[in-house]
Amino acid sequence: MAELVFFSGTMDCGKSTLALQMDYNHSARGRVGILFSCHDRAGGSKISSRLGLHTEAVEVVEDTDFWDEVVHRRTTGDSVDYLICDEAQFYTPPQVEQLAKLVDEMEVDVFAFGITSDFRTRLFPGSQRLIELADRVQVLQVEALCWCGQRATHNARTVDGAMVVEGDQVVVGDVADGRAIGRDVLAHQEMLSGGGLDELIDEGPAVGYETLCRRHYMRRVTAHQANVMAETDQLLPFDSCAFSPKAARMNGAG
């Protein structure tokens with residue numbers, strides 16, 4: 001029996017790495033699949049892992065119809081045994097329903113990978129629909145870590161190092177010191193406007209993402225803010241255990 005499986009977790013827990021591994025395992029057994037992604041960190045039409053792995057994929061946009069995609073390929077003589085759907089949190093609820101229909105009516109396995117909740121701890125619409133419809137929801141066992149060394153449970157958005165809890169749900173940033181929009185988008189803007197790419201990149205705040213434990217998420221303490229407090233010898237507004245030797249080593253403090 002085909003299945004719709006949703007692999008979820010925070011950033012840095014290996015979702016894209018597992019997606020590529022799943023594709024390798026199935027294709028090595030002679031199965032034929034289609035890889036999909038949306039807003040990947042490496043740009044459009046790609047699935048990339050922070051370990052350096054990457055492959056081409058079909059970019060999911062608002063009018064992507066998974067049912068039509070599979071029907072078209074099968075009617076033209078191509079086999080489709082499974083789908084790898086990365087960054088599935090960005091899919092629309094109707095698109096998730098198309099994936100479920102493919103499982104039930106065409107016996108196509110669907111392996112979806114995505115973040116469950118956004119930087120405001122609210123469910124992404126695509127993730128919510130996947131939780132509602134999936135045959136299995138599997139939380140990845142690779143634990144992302146907060147800057148203090150504890151298990152990270154929340155994704156935080158930062159602007160110039162400070163955590164924010166307001167704004168659009170989808171803003172493409174980086175896990176280090178990335179900008180709100182990537183260089184490829186800026187390069188396109190430069191081509192249209194005749195402006196300087198370096199000037200565009202230097203303008204505006206740096207938008208990034210990091211994983212935090214619940215305590216530091218609730219208290220809005222990012223790695224950058226913890227470093228600033230440590231360097232100025234200020235007491236942090238939480239238990240002193242957060243600045244254990246382990247946390248200090250991970251944070252470059254002490």
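Predicted model: local features only at pLDDT ≥ 70, side-chain atom pairs only at ≥ 80, totals over all residues.

User: Where is Glu 107, and what is the value of its phi?

Analyst: Glu 107 belongs to the loop between α3 and β7, and this residue comes just after α3. Its phi is positive, about 55 degrees, although Glu 107 is not a glycine. Most residues other than glycine have a negative phi.

User: What makes Leu 20 a buried residue?

Analyst: Buried residues have under 20% relative accessible area. Leu 20 has 14%, and is therefore buried. Leu 20 is part of helix α1, residues 15-28.

User: Which residues does Leu 20 touch, leaving aside those up to four places away in sequence?

Analyst: Leu 20 touches Leu 35, Ile 47, Ser 49, Leu 53, His 54 and Thr 55. Of these, Ile 47 is 27 residues away along the chain, with a C-alpha separation of 7.7 Å from Leu 20.

User: How do you know that Arg 136 and Glu 3 form a salt bridge?

Analyst: The closest N and O atoms of Arg 136 and Glu 3 are 3.1 Å apart. The limit for a salt bridge is 4 Å, so the pair of Arg 136 and Glu 3 qualifies. This pair links distant parts of the chain, 133 residues apart: Arg 136 in strand β8 and Glu 3 in the segment before β1. Arg 136 is partly exposed at 36% relative accessible area, and Glu 3 is partly exposed at 27%.

User: What makes the pair of Arg 31 and Asp 109 a salt bridge, and which parts does it tie together?

Analyst: The closest N and O atoms of Arg 31 and Asp 109 are 3.1 Å apart, and the cut-off is 4 Å. Arg 31 lies in the loop between α1 and β2, whereas Asp 109 lies in strand β7, so the pair ties together parts 78 residues apart in sequence.

User: What is the closest N and O distance between Glu 69 and Arg 73, and where do both residues lie?

Analyst: That distance is 3.0 Å, and the two residues form a salt bridge. Both lie in helix α2, 4 residues apart, about one turn of the helix. Glu 69, at 24% relative accessibility, is partly exposed, and Arg 73 is partly exposed at 25%.

User: How many salt bridges does the whole structure hold, and which residues are linked in a network?

Analyst: The search finds 6 salt bridges. Glu 97, Arg 129 and Glu 132 are linked in a network of salt bridges.

User: Which members of the largest nonpolar core touch the most others?

Analyst: The core has 26 residues, and those touching the most other members are Phe 36, Leu 83, Cys 85, Tyr 91 and Leu 102. The largest share, 6 residues, comes from α3. The contacts of Phe 36 include Ile 47, Val 60, Phe 66, Leu 83 and Tyr 91.

User: How does the span of α3 compare with the expected span, and what do its buried residues pack against?

Analyst: Helix α3 has 14 residues and reaches 19 Å from its first C-alpha to its last, close to the expected 20 Å. Among its buried residues are Val 96, Leu 99, Leu 102 and Met 106. The buried residues of α3 pack against β1, α2, β6, β7 and α4.

Note on methods
Residues numbered from 1 in each chain as written. Heavy atoms only, no water. Helix = DSSP H or I, 4+ residues; strand = E, 2+ residues; numbered from the N terminus. Buried < 20%, exposed > 50% of the residue type's maximum accessible area, 1.4 Å probe, protein only. Contact = heavy atoms within 4.5 Å. Salt bridge = Lys/Arg side-chain N within 4 Å of Asp/Glu carboxyl O. Core = buried A, V, L, I, M, F, W, Y, C linked by side-chain atoms within 4.5 Å. Expected span 1.5 Å × (residues − 1).
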